[in-house]
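Trainee: I have not looked at this one before. Can you walk me through it?

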Amino acid sequence: MASGMWPAVSGAIAQSRAIDTVSNNLANSNTDGFKKDTVTFKKVLDHEQREFAHSELQKQPFPDDDIILLEGSDQDFVVADRTTSDFSQGSFKVTNAPLDVALNGPGFLEVSTSQGLRYTRYGGLKISGEGLLMTSDGYPVLASQSIGLVNALPGQAVQPISQGRQRTQGGVSVGQIPPETLARYIQLGDREGSLAITEGGEIYIGEELIAKLNVVEFKEPKNLEKNKNLLFHNKDVNNISPNQKATKIFQGMIEKSNVNPVKEMTQLIQSQRMFEHNLKAIKTYDSLMNKEANEVGKL
């Protein structure tokens, strides 16, 4: 009897995760540059997978100690397999701000953080007090190349500079940042003239070419790991596409969130209903087991 409860329990947990994901999508529907997340599910059948699913279920805050692995019983599970980001193109809004850029295509801007290289679709840029081009959260935006320096490929592992007294550049601690990355910081300074950014990412002040934004494209964007502050982490250097020509940059625009509130509300309602159905199934099995223990045993 108890074996029938497992699909309902695992299904409720999986739908709970789906509800959390959709709710986060809705909360960020007006966040520029945000990419919505989707949860995929899988059915667990073989014995090893069942044991793994059981160990995952046991990590949940269930007070009922009776939820145990029933050897030899029919125990199918459903689990939330993984959460991936949807990188479909968001619509553009015109800001006319010279430092705002929107990426049309699969590319990402490369930025430097204290944890290493990260990538973002959000192009709301600013100039720091020291004249560095940075994201709105204070991460330096990187150029594709630097004069006098042979650059590593985007994302290529490099040795950090030696430890010692921490230095700062543009308000950012650079004590552990590779010199190859430091050399690709974009210094705009106090140059006179209008700032222009071309579709290819070249930054001009007046007639002077200052730098070129490093736009990185990936073979499998779904393998990127989402971090906070609209940043993504690429853990596999081989995931970087060698032919990065599909992305164009538009100055004076910002890419909006790709969340469709109507679709997300529909998905939220469906997930909530599935969650409630699983709860009803759990209550039904609980009632049946109660009768089995207290009524059938008296016969």
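Trainee: What is the strand order in the open sheet of three strands?

Mentor: The order is β11-β12-β13, and the pairing is antiparallel. Strands here are DSSP E runs of at least two residues, helices are H or I runs of at least four, and both are numbered from the N terminus. Two strands pair if DSSP finds at least two bridges between them. This is a predicted model, where local features need pLDDT of at least 70, side-chain atom pairs count only at pLDDT 80 or more, and totals for chains, interfaces and linings use all residues. Residues are numbered from 1 along each chain as its sequence is written, and side-chain values use heavy atoms, leaving out hydrogens and water.

Trainee: Which strands stand at the edges?

Mentor: β11 (195-197) and β13 (208-212) do; each has a single partner strand, so one side of each lacks a neighbour in the sheet.

Trainee: How many bridges are there between β12 and β13?

Mentor: Four, with β12 covering residues 202-205. Glutamate 202 has lysine 212 in β13 as its bridge partner.

Trainee: New topic. Is strand β5 buried or exposed?

Mentor: Six of the six residues of β5 (residues 108-113) are buried, so the strand is largely enclosed by the rest of the structure. Buried means under 20% relative accessible area, exposed over 50%, and partly exposed in between, with a 1.4 Å probe and protein chains only.

Trainee: Which residues are on each side of β5?

Mentor: Phe108, Glu110 and Ser112 are on one side, with Leu109, Val111 and Thr113 on the other; all are buried. In a regular strand, side chains alternate between the two faces of the sheet.

Trainee: And which strands does β5 pair with?

Mentor: One is β14 (residues 215-216), antiparallel over two bridges, where valine 216 is the bridge partner of phenylalanine 108. Another is β6 (residues 116-120), antiparallel over five bridges. A hairpin of two residues joins β5 to β6, and valine 111 stands opposite arginine 118 in β6.

Trainee: What about the chain as a whole?

Mentor: The chain has four helices and 18 strands. Of its 299 residues, 38% are buried.

Trainee: What is the average pLDDT?

Mentor: The chain averages 80, and 74% of the residues score at least 70. pLDDT is the predictor's confidence in each residue, from 0 to 100. Over residues 62-70 the value is below 50, and that stretch has 17 contacts beyond near neighbours in sequence. Residues 146-167 are also below 50, with 45 such contacts. A contact means heavy atoms within 4.5 Å. Where pLDDT is low, the predicted coordinates should not be read in detail.
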